[in-house]
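My notes follow in the order I looked things up.

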Amino acid sequence: GDKTFRQAHRVPGGYAWGGIATPWPLYNADKLTEAETVFVVEGEKAAEAVERLGLTATTGPGGAGKAASVDWGPLGGRKVILWPDHDETGHKHAADVASILEKLRPPVKLFAVDPAALGLNAKEDAFDFCEQNGSGPDAVSMIRAATKPLGPSAGLRDLLEATIDGR
């Protein structure tokens, strides 16, 4: 449907519609200061759906393709879990965000949710998952099971699991 999130910014005497100069702040920035783990999704609607699970979520303004215009600095030192939309654009956007996050100081512990492992269809996202699975502990357990590390240690978990399984 129609977008329900529109950008506005302070101006002398009030607010004006439209975006602000870059770098843009993260959505839910006020909730990030206390969070150890933050989900990065695509879009405010998805961020709010993940928040209903009792998890902290954020997104950059403007959607996919605009990662370079966002101030990702507040995520430094945190465990960050990227949850891409399940399409080529979503995966590219998550890769762009990951590239930026890998350079932050203090460094982030970077993970990603695999939308296919959650049974999401093409073009579905975190919002769709929450709509389909509710907001109970089972949904959170499913997300944890579909979350894998990114970066240099990404293959370590698979290697350990294969070793334990005797493969």
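**Entry 1: helix α3.** I am working from a predicted model. I began with the burial of α3 and found Gly 90, His 93, Ala 94, Val 97, Ala 98 and Leu 101 buried. These residues cover an arc of only 140° around the axis, so they sit on the same side of α3.

I then turned to the opposite face. The face of α3 turned away from the buried side carries Glu 88 and Lys 92, both exposed.

What do the buried residues of α3 pack against? I found three strands there: β3 (37-40), β5 (79-82) and β6 (109-113).

I also checked the length of the helix. α3 covers residues 88-101, which is 14 residues, and at 1.5 Å a residue it should span 20 Å.

**Entry 2: the cores.** Next I looked up the nonpolar cores. The largest has 23 residues. Phe 39, Val 50, Trp 83, Val 113, Phe 129 and Ile 143 have the most contacts inside it. I noted that α2 (44-51), α4 (126-133) and α5 (137-145) each supply at least two residues of this core. A second, separate core holds 20 residues, including Ala 94, Val 97, Ala 98 and Val 108. In soluble globular proteins, nonpolar side chains tend to be buried together.

Which residues does Ile 143 contact, leaving aside neighbours within four places in sequence? I listed Phe 39, Leu 53, Leu 55, Trp 83, Val 113, Leu 118 and Phe 129.

Entry 3: Is Thr 58 buried or exposed? Its relative accessible area is 0%, and under 20% counts as buried, so Thr 58 is buried. I placed Thr 58 in strand β4 (residues 57-58). Its side chain reaches the backbone oxygen of Tyr 27 at 2.4 Å. Not counting residues up to four places away in sequence, Thr 58 touches Leu 26, Tyr 27, Leu 32, Val 38, Phe 39, Val 40, Val 41, Ala 47 and Leu 75.

Then I looked up Thr 22. It lies in the loop between β2 (14-17) and α1 (29-32). Thr 22 has 49% relative accessibility, so I logged it as partly exposed. Last, I checked a distance: Thr 22 and Pro 137 are 115 residues apart in sequence and 38 Å apart in space, C-alpha to C-alpha.

Notes. Residues numbered from 1 in each chain as written. Predicted model: local features only at pLDDT ≥ 70, side-chain atom pairs only at ≥ 80, totals over all residues. Heavy atoms only, no water. Core = buried A, V, L, I, M, F, W, Y, C linked by side-chain atoms within 4.5 Å. Buried < 20%, exposed > 50% of the residue type's maximum accessible area, 1.4 Å probe, protein only. Helix = DSSP H or I, 4+ residues; strand = E, 2+ residues; numbered from the N terminus. Contact = heavy atoms within 4.5 Å. Expected span 1.5 Å × (residues − 1). Arc of directions from axis to C-beta. Polar contact = N/O pair within 3.5 Å; in protein donor to acceptor, adjacent residues only side chain to side chain.
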